There are 2 protein chains.
Amino acid sequence: MNVETSLSTEEAILEAARKVFESKGFDGARMQEISDRARINRALLHYYFRTKAKMFERIFDEALERFLPLLSTWDQDLEESWELKLKRFIIKFITFLKTNSMLFLLREIIRKPELLASKTEKHRKRLNKFVRYFDRLKQERLIRSDVDSKYIYIIIHSLCSFPLMNGIVFSYSLRISSKEYDELMAGYPEIISDLLIQLLKYQKN
Amino acid sequence: MNVETSLSTEEAILEAARKVFESKGFDGARMQEISDRARINRALLHYYFRTKAKMFERIFDEALERFLPLLSTWDQDLEESWELKLKRFIIKFITFLKTNSMLFLLREIIRKPELLASKTEKHRKRLNKFVRYFDRLKQERLIRSDVDSKYIYIIIHSLCSFPLMNGIVFSYSLRISSKEYDELMAGYPEIISDLLIQLLKYQKN
DNA sequence: TCTATTTTTAACAGAATTGTTAAAATACAT
DNA sequence: ATGTATTTTAACAATTCTGTTAAAAATAGA
């Protein structure tokens, strides 16, 4: 057995599986479509990953493992200004979401809500770093204090996530091609960084 | 045949179908689950709607028909101030999204992209009213002119849509119950209306 | 009560899909 | 060249789901 070959085969399968699961979801995905995409035989899928469920679990877990660390960066580099930290976060997050489907995670969580709690136990403690960080900024009068940090969290994440998962609909509504939409999105992180910074500075109470 | 009975049975089926399709998607939905929810026999589903596909189409079309009119209100009541218009839109949109799943539409559109174009032909012309309206506001120096109206469109829709479709994840990340999240959301339209108005007023170039 | 309609029951056919298996073919390393 | 691991082929069992049907039962309305 050649480790190289085996790895690349396994990776080819995982890559194909990821694409199919992302666009069709667990229920709509077909093992046949995955093996076609990976350019291998369907029986080989079962040779590598026994069942569809196990293969899906692998894809889902890996997606979540890539995703969660992004959310817990708010207590790093504390000497950095909050403006810079925010801007970096937005750029990193949006770049990430361009190649990692948030909609995939969301769809599967709604299909099977226990996926969320069971798969994120070890990360959960890190998830409220954002709120703590922004509460501190407010105490130190660095940002406005009249907006609940939870709202700020929701606003930032909505602005980052939705434009990428809703690209098809937005480009359709705005009557631009998906290429034009991608070009529009290239300038988007800059725009919302600036807007959010303006907003958070505004009217310090 | 009693029209009353027949209608309420059909409605019971549609209501059940809607719930199941919304949480499981077309592929994950089971006719058995729908009939169980509607508390009727599975054979009766086929008596009312011949096939699963036809039933789904009905649900999808109705969801889209409820959704699209919301997007084309920007040329009504032109004497109203843009601030009030924006606020009204946000409240109406968010209220709507509390009982109408945007994620459902999005998931099915991604599964089968042609659904979008084929089902919205008659509405499409109305979809760019927003951009026209905001371009006019900019020309008249009523709002800042340094942000592309397409960005404004994306920002407003992201702020309205995502918090509702991502509720499960947000309440989990913020470590609050879904009840607390709902309470938080009660104040949300007011917050983002004010923030958006501040933003759009800011620095008129 | 009688009739027409709605609903249930139960059984079934057909299709699609997953997962298994055994054997053959292929690739590869030593 | 030999032996081992990988991959293909092809066939199949088992399950699940959709959709159909016919007959019986229940229900509502005249």
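Before I count anything, let me say that a helix here is a DSSP run of H or I that is at least four residues long, and a strand is a run of E of at least two, with the elements numbered from the N terminus. Please also keep in mind throughout that what you see above is a predicted model.

With that in place, chain A has 13 helices and 0 strands, so that, read from the N terminus on, its elements run α-α-α-α-α-α-α-α-α-α-α-α-α. The C-alpha trace of chain A spans about 65 × 45 × 35 Å along its principal axes, and, of the 205 residues in the chain, 33% count as buried. If we take the contacts in chain A between residues at least 6 apart in sequence, 65% of them join residues at least 24 apart.

Let me now turn to one helix, α4 of chain A, which covers residues 52-67. Which residues of α4(A) are buried? They are A:M55, A:I59, A:F60 and A:A63, and because they cover an arc of only 130 degrees around the axis, they lie on the same side of α4(A).

The remaining part of my talk concerns the two chains together. In general, two copies of a chain are related by a rotation about an axis and a shift along it. Here, chain B is superposed on chain A by a rotation of 180 degrees with 0.0 Å of shift along its axis, at an RMSD of 0.1 Å, and that is the relation of a two-fold axis.

How many residues of chain B are in contact with chain A? There are 42, and they meet 42 residues of chain A. Several helices of chain B each supply at least two residues of the side that touches chain A, namely α1 (3-28), α6 (102-111), α10 (149-165), α11 (167-173) and α13 (188-201), and the largest share, 10 residues, comes from α10(B).

Definitions and conventions
Residues numbered from 1 in each chain as written. Chains lettered and ligands numbered in written order. Predicted model: local features only at pLDDT ≥ 70, side-chain atom pairs only at ≥ 80, totals over all residues. Expected span 1.5 Å × (residues − 1). Buried ≥ 20, exposed ≤ 12 C-beta atoms within 10 Å, placed from the backbone. Arc of directions from axis to C-beta. Least-squares fit on C-alpha atoms with pLDDT ≥ 70 in both. Contact = placed C-beta atoms within 7 Å.
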